[in-house]
Structure formats: C-alpha cells, structure tokens
Amino acid sequence: MKKNYIQDIERALYDVRDEDKSIYKSDAGLTEEIIRDISARKKDPPWMLEFRLKSLEVYKKIELPIWGPDISELNMNEIVTYVKPNAKQVNDWSQVPEEIKKTFDRLGIPDAEKKSLAGVGAQYDSEVVYHSIKKRLTDQGVVYTDMETALVEHEDIVREYFMTLVPPKDHKFAALHGAVWSGGSFVYVPAGVDVKIPLQSYFRLNAAGAGQFEHTLIIVEPGAKLHFIEGCSAPRYNVTNLHAGCVELFVKEGARLRYSTIENWSRNMMNLNTKRALVEKNALVEWVSGSFGSHVSMLYPCSVLHGEGARCEFTGVTFAGKGQNLDTGAIVIHAAAKTSANINTRTISKSGGAATYRSAVKVTKNAPFAKCSVNCESLMLDDKSRSDTLPVMDIEGDEADIGHEAKIGRISEEAVFYLMARGISEEEARAMIVRGFVEPIAKELPLEYAVEMNNLINLELEGQL
Amino acid sequence: MLEIKNLYVKAGEKEILRGLNLSVGKGEVHVILGPNGSGKSTLMNVIMGHPKYEITSGEIFFEGEDLTALKTFERARRGIFLSFQTPEEIPGITVENMLRTAKQAISGEKIKILQFRKELRAIMSELKINPEYASRYMNVGFSGGEKKRNEILQLLVLNPKLALLDETDSGLDVDAVEIVSGGVAKFHNENNSCVIITHNAQILKHLPVNRAHIFLSGRIVKSGGAELVSEVSEHGYAPYEVES
Ligand SMILES: Nc1ncnc2c1ncn2[C@@H]1O[C@H](COP(=O)(O)OP(=O)(O)OP(=O)(O)O)[C@@H](O)[C@H]1O
Ligand SMILES: [Mg+2]
C-alpha cells in the first residue's frame with residue numbers, strides 16, 4: 001500500500017492542548033471533573049458522558065488484579081498522569097530515546113514515518129490512501145472510520161455495541177478505559193459483504209491522544225468477511241507508560257473476521273489491553289497476535305463462541321527480552337454446541353526476560369461436542385530467562401474433545417552444529433532456528449508484518465553471542 | 001588434502017580416538033570400515049569441529065591449514081562437508097531456504113532465488129526426490145532413507161572439496177542405495193575427495209576406491225586397497241583385533 005505523509009506538524013493543534021495541561025496538574029486521582037473535561041473536548045453525546053462517569057464509579061470500586069505479572073510500578077494514585085490527553089506526547093524528535101531511533105533505522109523505516117511512529121506528531125496522511133479505498137467500501141455499505149467520527153455519524157450502532165462485550169465492571173483497566181477512552185477504529189461490514197482488501201489501522205493510532213486508551217469496535221454482519229490489521233510493528237513511543245486499549249469484535253452468523261496485530265510498544269510501557277470477540281452461529285474469528293515490546297504486558301484475547309458451530313483460530317507469538325515480563329495467551333469460552341477452537345502459540349524469552357503463556361478454555365454445560373486444541377511452545381534462549389505455561393481447562397459440556405500440548409525448550413545445539421556444518425555462521429544459525437520456531441505464526445501474518453517480525457527477531461538476537 | 005596426525009580425542013572423561021592417523025590426497029576416495037562404537041562418527045564430528053569433543057593431542061590439517069583453530073562454519077566454508085549419520089530435524093526452515101542460505105554463506109555471493117530454485121529442482125530430480133520436499137522443513141518428518149537422500153542433495157548443491165559420508169547408505173532400500181551411490185559418483189572428480197564410512201560395499205560400486213582402512217577402538221589398524229572391503233565382509237573384524 002502506498003503511503004503519503006504530510007511533514008508539517010500542525011503547531012496550532014498542539015499549542016492549544018499545551019495550555020490545558022496545567023488544569024490537571026494539581027489533581028492526584030481521577031475525578032469527575034477530569035472525565036467531564038475529556039468528554040467535553042471530545043464532544044461526546046450525553047449518553048457517552050454518562051457512560052464515562054459510570055465507568056469512573058466502577059473504576060473506583062474495583063481492585064487491581066492480584067494475579068499475573070507485577071504491575072505495582074503503576075502509581076494508581078497518580079493515574080491522572082497517564083490519562084492527560086496527549087499532554088506527554090513528545091513533540092521533539094530529539095527527545096525520542098536513542099534505542100527507539102536505532103530500531104527505526106534497523107527496520108528501514110523512512111524518516112517521516114519514524115517521526116510519526118514515535119508520536120512526534122508529524123501527521124501521517126492516511127486520509128489520501130484511505131479515501132480511495134473508502135469510495136469502494138462505502139459503495140458496499142462498509143464503514144471504516146475513527147471512533148470519534150463513528151460516534152457522530154453512526155451513533156446508534158456505537159451505542160448498541162460499545163463496551164457491551166467488555167463491560168467496564170470486567171476489571172479495573174476496563175473500567176478505566178470506559179472512563180477515559182479516546183481514539184481507535186470503527187468498522188462495520190453489512191451482511192454478505194466480502195471486504196477483499198485487508199483494512200489497516202496502521203498509523204491511525206498516532207492521531208492526537210490516541211494509542212493509549214483507544215477503542216476498536218468491529219461489527220461483521222451475517223455472512224460478511226473482513227480482515228483487519230491493527231497496530232504497527234515498530235515501537236510506539238509514549239512518555240506516559242500505560243496502555244489500556246479495548247477491542248470488541250462482533251462476528252455474526254456465518255461471518256468471518258481475521259484480526260491481525262503486532263504490538264511492539266516501547267520498553268517503558270505497561271500494556272494492559274482487553275480484546276474480545278463474540279462469535280455467532282457458524283461464524284469464524286481468527287486472531288493473529290504478536291507481542292514484542294512493552295515492559296509488562298497482560299494480553300489474553302478472548303473468544304466467546306456463542307452460536308452453534310462457532311469457531312476460533314488463535315495464533316500468537318510473544319518475544320520477551322531484557323527487562324520484559326510478557327504474560328500473554330488466549331481465552332476461549334465454548335457456550336454453544338459443536339463449537340471449536342484452535343490455539344497455537346510460540347513464546348520466546350531471552351536476556352532475563354520472562355514470557356508466560358496463560359490460557360483458559362471453558363466449555364459450558366450448553367456446549368456439547370465442543371472441540372478445542374491447544375498447542376503452546378516456548379523457547380528459552382539462555383539460562384537467565386524464564387518461560388511458563390499456565391493452561392487452565394474447565395470442562396462442563398458433554399462429549400468434549402480437548403487436546404493440549406505444551407513444550408518448553410532451548411535451542412538444540414545439535415541443530416546449531418548441523419547448520420554450521422553447512423557453512424552458516426553461529427549467529428545466523430541461531431537466528432534461523434528462532435525464526436523457524438515462530439514460522440508457523442509468521443506465515444499467518446501479512447507479508448510486511450512477517451518481514452518486520454523477522455527483522456525484530458534479528459534485532460533482539462543481536463549481541464546475543 | 002586432509003592430514004590427520006596422531007589424534008587423541010575425548011568426550012567428557014571417555015577417550016574415543018587414540019592415536020589416529022589418516023592422509024587423504026586430492027581426487028582420492030577412502031573407505032573406513034569399523035565396528036559399531038569404534039569412534040568413526042566421532043572422527044567425522046571432530047573434523048567438522050563439534051564442540052562436544054576435546055582434542056587432547058594431535059593435529060588436523062586441511063589443504064595445509066590447521067583446522068583445529070577454525071570454527072565449524074569456517075571449516076565448511078573451506079570446503080568440508082559432512083553427511084551426517086543421523087541428520088538433525090530443523091522445524092520451520094525449509095530445505096530450499098536452508099540450502100540457499102548455506103550456499104550463499106559458502107560462496108560469499110548473493111544467489112538469486114529463481115536461479116537457485118531451478119538448480120535445486122534439477123538435482124532433486126536426479127536424486128528422485130519429490131520437488132515438494134524443497135518446501136518442507138529440514139528433515140522434519142522425513143523417513144530415515146529420505147534424510148539420507150537429503151544429505152546427498154546437500155552434497156551436490158554445496159559441491160565441497162572434501163565429502164565425509166557417515167553411513168549415508170545405511171537404512172536405504174536397494175534402489176535408494178543405487179541413487180545415493182550414483183549421486184556420490186556424480187559429485188566425485190579428480191579435484192575433490194571422499195571419505196566414506198560404510199558397513200556394506202554397495203555404495204562403492206560406482207566409485208574408484210583408492211584406500212580402505214580398518215578402524216578399531218579409536219584408530220586405524222590396517223590400511224590397504226579396495227580388497228579390504230570384501231575381506232571384512234567375509235571375515236568380520238576379528239582377524240584385525242590381533243593386529244591392534
Ligand atoms: N559425546 C559423547 N559422550 C560420551 N561418549 C560418547 C560421545 N560420543 C560418542 N561416544 C561414545 O564413543 C564411542 C564411539 O562412538 P561413535 O559414534 O563415534 O561410534 P561409531 O564408530 O560411529 O559407531 P556406529 O558404527 O554405531 O555408528 C561410543 O562408545 C559412544 O558411546
Ligand atoms: Mg557412527
């Protein structure tokens with residue numbers, strides 16, 4: 001896809017916001033005033049303001065999760081510092097950490113794009129590309145827009161679905177999200193429409209204020225088909241270090257949705273993202289999920305197989321390097337007869353990183369003849385790194401067919417020797433083996449992502465020997 | 001081409017090679033015959049530089065260069081190739097991708113994908129390997145015989161100066177032995193050399209054997225011409241044990 005850029009930074013836009021910063025400075029916790037202010041800036045309809053305020057109430061009542069990786073670094077009393085819209089977005093390239101600049105260079109990302117990725121604010125003109133596609137899509141009745149616009153132009157749809165699948169009371173960060181969400185993508189595919197090109201939200205998230213609490217809402221009506229690609233594979237740098245996005249996917253009867261994403265946040269990020277799909281009769285949701293960056297991640301996309309014969313394919317890869325604790329996996333709830341799921345993951349840890357695969361498969365009483373197979377493999381690249389697999393199965397339905405396979409291993413030295421005996425250097429041999437390990441995942445990714453994932457792996461392995 | 005002098009090798013505490021001498025000239029084909037566990041594979045691995053084995057004394061020279069100072073991949077780039085007795089399975093790396101990477105590493109030149117594919121296909125068809133195997137992961141799920149044939153494919157693609165073949169013929173059916181043997185014969189010319197470990201004479205049919213060596217308990221106890229091969233198949237190794 002051809003990309004266009006507008007280099008100019010819209011100064012005025014940022015200046016206005018800068019003035020507002022001071023308002024928040026004295027507030028320690030999240031208050032009603034702050035929420036009202038966010039809502040007013042965003043020109044929310046009244047029901048959305050109400051929704052935000054209710055979420056705030058819920059947020060105040062719920063405790064932090066007591067399981068999973070340590071997130072005590074998050075200072076919840078100072079939560080407002082994470083919430084300030086756009087206030088901490090870097091607006092000077094020189095402030096972007098060296099490490100991130102280097103990554104951009106190594107990935108061969110052009111200058112304009114680098115700045116955009118870093119959130120410096122050089123606006124990426126997705127509009128041009130977007131409009132050309134948009135014409136074709138709108139002719140078919142497809143809606144693809146940002147959440148703010150959707151809230152204006154498709155208010156009824158948004159209102160019907162928004163945070164019904166991930167209700168604010170779900171957990172603390174869902175509640176926080178409900179209160180402060182901003183930005184994100186909205187896609188609506190009418191019944192029977194096959195969207196042939198993958199839709200990408202590639203850089204949309206870099207729009208002002210987005211990328212931290214963005215909301216993605218996708219509705220694929222009966223018999224329709226969509227491939228949606230979200231995120232970008234270069235690290236998105238934010239000084240503020242909490243990401244609590246939310247993704248809700250509604251896949252109606254006989255529909256298919258493939259949702260691909262590579263999350264590669266900068267190394268200071270707490271990534272606490274909630275993603276969920278509701279899959280109706282004979283429908284299929286396919287998740288392709290890559291987790292690379294961040295300091296801590298907790299990410300378990302959930303598929304609720306709600307209609308008879310609903311299916312889920314989950315393919316995930318997680319790479320935890322130095323200082324990273326990535327806790328990822330998948331959740332599947334079989335809630336109807338003859339539902340089936342396939343979970344296939346690879347996790348890699350190196351240089352003291354910790355990667356945990358965590359999954360929950362639940363087969364309810366209403367789901368006879370459910371089928372689920374889980375295959376999770378972990379690779380530890382050195383003795384300092386950690387890998388765990390924590391699969392939980394809760395089977396109540398009759399005649400369930402459940403398979404589980406877990407492997408934790410190291411690079412086979414014999415395999416390294418074999419490759420070296422063919423003239424391949426040790427470094428390259430190890431990289432090849434790691435790439436081979438994630439190959440079943442890589443081949444599910446869109447090409448450009450697969451290439452970037454390989455580049456990322458090479459970057460990660462650099463200096464390993 | 002290959003010169004091994006008084007080589008002693010240990011794996012952990014176990015001494016496996018004990019004073020081994022072997023000299024292979026350019027254009028020559030050598031056969032090594034020896035009972036199970038005598039250390040033949042160890043010798044091959046040591047020539048290739050396997051980290052598991054420690055050379056306690058002795059020397060290995062390849063084209064006048066001391067090999068022991070070189071890493072495994074450097075030895076391969078100098079032109080040494082080992083056809084493994086039990087080839088490794090490498091998930092996620094296709095035969096084609098690995099071989100192209102290897103060929104590039106050895107030649108130091110970038111090789112065009114399409115051109116390489118053509119070349120690979122041609123050799124595969126000579127070895128009667130289904131072209132689909134090019135896009136299968138290296139040895140993963142291959143039968144024993146398929147793995148061996150795949151080693152010969154690599155030999156022909158990489159075209160080294162010295163081919164070390166460790167029981168490439170064992171576990172093969174009659175037709176496969178014929179194919180593999182034909183492959184080695186195709187590879188061999190007056191500028192390269194072969195060291196072949198085998199338990200049966202079948203593979204040698206199309207090859208001009210220059211020297212045969214009886215290998216017992218970590219060293220060569222007798223060397224001679226091709227006639228040793230039939231001697232061993234008739235009488236076994238017992239007669240040589242006295243000599244050792
Ligand atoms: N890494 C190792 N550690 C300990 N012992 C080893 C190691 N490698 C080989 N050996 C031992 O050294 C001896 C020689 O092994 P090697 O594989 O070289 O025999 P071989 O002559 O190739 O036998 P075969 O004909 O069965 O292939 C065997 O007793 C084997 O168990
Ligand atoms: Mg052997």
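Some ground rules first. Residues are numbered from 1 along each chain as its sequence is written, while chains are lettered from A and ligands numbered from 1 in the order in which they are written. As the model is predicted, local features need pLDDT of at least 70 and side-chain atom pairs count only at pLDDT 80 or more, whereas totals for chains, interfaces and linings use all residues; side-chain values use heavy atoms, leaving out hydrogens and water.

**Around ligand 1**

Let's start with the ligand. Its shell holds 16 residues, the closest being Gly37(B), Lys40(B), Ser41(B), Thr42(B) and Gln85(B); a residue belongs here if one of its heavy atoms lies within 4 Å of the ligand. By class, 8 of the shell residues are polar, 4 nonpolar and 4 charged. In this scheme Ala, Val, Leu, Ile, Met, Phe, Trp, Tyr, Cys and Pro are nonpolar, Asp, Glu, Lys and Arg are charged, and the others, including Gly, are polar.

Strand S2 (14–24) and helix H1 (40–48) of chain B each give at least two residues to the shell, and H1(B) has the largest share, with 3 residues. Helices (H or I, at least four residues) and strands (E, at least two) are DSSP runs numbered from the N terminus.

| Side chain | Distance to an oxygen atom of ligand 1 |
|---|---|
| Thr42(B) | 2.5 Å |
| Gln85(B) | 2.9 Å |
| His199(B) | 3.5 Å |

Taken alone, ligand 1 exposes 640 Å², and the protein buries 68% of that; the areas come from the Shrake-Rupley method with a 1.4 Å probe.

**Helix pairs in chain A**

Axes here are lines fitted to C-alpha atoms over the stretch in contact, with angles from 0 to 180 degrees between N-to-C directions. Helices H11 (413–420) and H12 (426–442) of chain A pack at about 125°, their axes 9 Å apart. That makes H11(A) oblique to H12(A).

The axes of H3 (46–61) and H10 (172–180) of chain A come within 7 Å and cross at roughly 150°. H3(A) and H10(A) are therefore roughly antiparallel. Angles under 35 degrees count as roughly parallel, over 145 as roughly antiparallel, 65 to 115 as roughly perpendicular and the rest as oblique.

**Positive phi angles**

Ser351(A), in the loop between strands S16 (340–349) and S17 (354–363) of chain A, has a positive phi near 45° without being a glycine. Asn159(B), also not a glycine, has a positive phi of about 45°; Asn159(B) lies in the loop between helix H5 (144–158) and strand S9 (162–166) of chain B.

Technical notes. A polar contact is a pair of N or O atoms within 3.5 Å; within protein, one must be able to donate a hydrogen and the other to accept it, and residues adjacent in sequence count only if both atoms are side-chain atoms.
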